[in-house]
Amino acid sequence: MTTAALIHVLVSGLATGSIYGLVGLSLVIVYNATRTVNFAQGEMFVVSTFVAWSAARAGWPLPLAFLAAVVAAAVLALVIERAIIRRSIAATHWDVLIITLGLSLILRALAGIVWSHDDFPFPSYFGNRPIAIGPARVVPVSLGIIGASVVLMALLGALFRFTRAGRAMRAVAQNQTAAWLMGISVPRVFSAAWILASVVGAVAGLLIAPVVFLSTKMGLLVINGFIAAVLGGFGSMPGVVVGGMLLGVIENLAPLYLPTGIRYSVPFILLIAILVVRPGGLAGRVHRRKV
Amino acid sequence: MKSLYAIGAAILALALAGPASAEQGVTDTEIVVGCSNSFSGPLAFTGDQLTKFGLDLYFKVVNDAGGIHGRKVRTVYYDDGYKPQEAMANTKKLVEQDRVFAILASQGTSPVVATLDYLESNRVPLLFPYQGSPVTRGKKHVFSGMMLYDRQSHTMIDYLVGQRKLRSFAALYQDDEYGKAFLTSFEKDLARHKLKLLASEPVKRGVSDVSAQIAKLQAAKPEVTFLVLTPGPGAQALKERQKIGWNETLMVSSGPLTDERYLALAGGAAEGVEGLSLWPDPLSSDLPGVKQYREHMAKYFPKNEPNRYSLAGYFDAMLFAEAVKRAGKNLTRDGLATALEGIKGWESGILPPVTIGKDHETQRQGFWVRVDKGRLKPLTDWLRSE
């Protein structure tokens, strides 16, 4: 294996890892605010990415098509949160989890009916031809994914740290009742979290679709996003990003040195390993239970 | 209660009193055929085209001309989404409820293989399944459709080693029945030439990049890399090769992969890729059968672009109609089998003259193509494999 090949595989891993990170982030945003995991996240960005595809096909310029996807993602999240999730507010987290699982199946089937289950080529801003940097050759599309993800992650960080809405979300995450008493509208924070998460997911979808092709299968990425989130200690945002990138890189490197079949179990091996060594995840704190 | 029994008995009597000599699925005015196929899942496009725009296209032509021996052909389809267990349930339903005469052009190696024993033991003809696993060989009631994978491998390797003088080979294959059937055949055919597969890397279904597999294959430095994949991963492999600028290998796609969809997905990354094509170019070929197919498509489904899947279905329906015609007015399953076995040098105008012997293979040849400006350009005439 040449160094150039190794670097390429590494960078590819970082790129898919960034996507896992973004998907993980969207799960964590909803989880922090509402304490439920939204397993429909994958299918939600499948739908929004298909919206961009349809818009681009109808002759819209690419930036507008992408904007359409983001808007569609926000609207979809708002509708799902208001019409379904909020009504089951009295249900346990388990019930909501099952509801989101059901939603993922419904959305997948609907997307299949509207757009079919085929693979479609998806337009990208970034090229596929390698550029030489020293001895290494790097592909613009990988760099683009990593760059766009990092920028979005930084924006999210700033949003949570410096804006009122962000602080409100963090307050709700820490203590819902106290947040209520401080005059924060918890239902609005719930909606905002769903919308924000869906928008982050939509960006992940738009970034990865040119690489793995657009199809309803893309929703499966939510599993790796979930693992990234657990690796990062479900709740810590930087942790999720690191977890995602780590997962992407190891997933790509492992098959280079081990039988290729291992690739598909890497996420789970990693998950178990981390949970055994650091039960709280990479960046999480361990809440010990006395037994 | 008594009256219920009476009704039951009456129904039973009626059922038994039907024309005892007639074959299941055949009446004086109708022949019912059908299949389980992919209308969702990874091969949904293929399934749709094969059946609703392929089989049905030719049957529309036949029916509008008055049918075969006065019988019109009616088709029934169910979706299995490329899942073997669904294919099995659908096939049972077709045989036991819809009472079809034959199963025609079901798709996908795993789903088709799942229904083999059931159809064979119930003596239901399985005609021209759209898959090429050699497992279907030697079955009494099965007539294969797509050129069988071992035959494809044989043809590909003989051409590459013989005419092209290439010596080192690797393969990227789908980790299932389809991929493994090819892999086994590659190894066997290379051994005939005293060669070995340098490396082989599996790809699983789902969403992931193939950079690690391609990096490993590149390290083995093969002159030829076979792609035995479905269109999505196949196109991904081509894009990955473009990403690393790996130009020293010739990528060659298997028969089932060599199609326009895969090219469309790969975009410019497909230039120069070669493969075994099992069908003439549906858009540009001027073979009489393909021309006629395009005319019929324009007449009945003007919005549907010609492609090799609907062409395959169209051909299957043509071959079926030919055999039904030869089997005569008193159509039975045995009569159909005898008629098919008797087909010798039959001109479809699409494939080279078709001869079906006791081995029940309907398609035995392919030709070599190279991607040139986004189209598959033929490099050879039909290649023989014996």
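pLDDT is the predictor's confidence in each residue, on a scale from 0 to 100. The structure shown here is a predicted model, and its chain B averages a pLDDT of 91, with 94% of the residues scoring at least 70. For the model, the scores are ipTM 0.83 and pTM 0.84.

**Confidence in chain A**

- Chain A has an average pLDDT of 89, and 97% of its residues score at least 70.
- Within chain A, confidence is highest in helix α2 (residues 41–57), at a mean of 96.
- The lowest confidence in chain A belongs to strand β2 (residues 136–138), where the mean is 80.

**Overall form of chain B**

- Chain B contains twelve helices and twelve strands.
- Along the principal axes, the C-alpha atoms of chain B fill a box of roughly 80 × 45 × 40 Å.
- The radius of gyration of chain B is 22 Å, which agrees with the value near 21 Å that a compact globule of 386 residues would have.
- Of the 386 residues in chain B, 53% are buried.
- Among the contacts in chain B with a separation of 6 or more, 66% join residues 24 or more positions apart.

**The two domains of chain B**

- The domain assignment divides chain B into domain 1 (20–146 + 286–341) and domain 2 (149–277 + 367–378).
- The centres of domain 1 and domain 2 of chain B, taken over C-alpha atoms, are separated by 30 Å.
- Where the two domains meet, eleven residues of domain 1 of chain B are in contact with 14 residues of domain 2 of chain B.
- On the side of domain 1 of chain B that touches domain 2, helix α4 (residues 109–121) of chain B provides the largest share, three residues.
- That side of domain 1 of chain B has five nonpolar, five polar and one charged residues.

**Contact between chains A and B**

- The contact between the chains takes 32 residues from chain A and 31 residues from chain B.
- On the side of chain A that touches chain B, α1, α8 (186–212) and α10 of chain A each supply at least two residues.
- The largest share of that side, five residues, comes from α1(A).
- By class, the side of chain A that touches chain B has 15 nonpolar, eleven polar and six charged residues.

**Helix α7 of chain B**

- Helix α7 (residues 211–219) of chain B is mostly covered, with eight of its nine residues buried.
- The buried residues of α7(B) include Ser211(B), Ile214(B), Lys216(B) and Leu217(B).
- From chain A, the elements covering the buried residues of α7(B) include α1 (3–34) and α10 (237–257).
- From chain B, the covering elements include β6 (169–174), β7 (197–203), β8 (224–228) and α8 (231–244).
- After α7(B) comes Lys221(B), which has a positive phi, near 50 degrees.

**The largest nonpolar core**

- In soluble globular proteins, nonpolar side chains tend to be buried together.
- The largest nonpolar core in this model has 195 residues, of which Ala193(A), Ile103(B) and Leu104(B) touch the most other members.
- Helix α8(A) gives the most to this core, with 18 residues.
- Domain 1 (20–146 + 286–341) and domain 2 (149–277 + 367–378) of chain B both give residues to this core, so the core lies between them.
- Leaving aside residues up to four places away in sequence, Leu104(B) touches Val33(B), Gly34(B), Cys35(B), Leu55(B), Leu127(B), Phe128(B), Asp316(B) and Phe320(B).

**A buried and an exposed residue**

- Asn32(A) is found in helix α1 of chain A.
- Asn32(A) is buried because 20 other C-beta atoms lie within 10 Å, and a residue counts as buried at 20 or more.
- Not counting residues up to four places away in sequence, Asn32(A) touches Met169(A), Ala173(A) and Gly235(A).
- Asn32(A) and Ala193(A) are 161 residues apart in sequence and 8.6 Å apart in space, C-alpha to C-alpha.
- Lys165(B) lies in the loop between α5 (149–163) and β6 of chain B.
- Lys165(B) counts as exposed because it has 8 C-beta neighbours inside 10 Å, and the limit for an exposed residue is 12 or fewer.
- Between Lys165(B) and Ala215(B) there are 25 Å in space, C-alpha to C-alpha, and the two are 50 residues apart in sequence.

Notes: Residues numbered from 1 in each chain as written. Chains lettered and ligands numbered in written order. Helix = DSSP H or I, 4+ residues; strand = E, 2+ residues; numbered from the N terminus. Rg over C-alpha atoms; globule rule 2.2 N^0.38 Å. Contact = placed C-beta atoms within 7 Å. Nonpolar A, V, L, I, M, F, W, Y, C, P; charged D, E, K, R; others polar. Domains from an automatic or database assignment. Core = buried A, V, L, I, M, F, W, Y, C linked by C-beta atoms within 7 Å.
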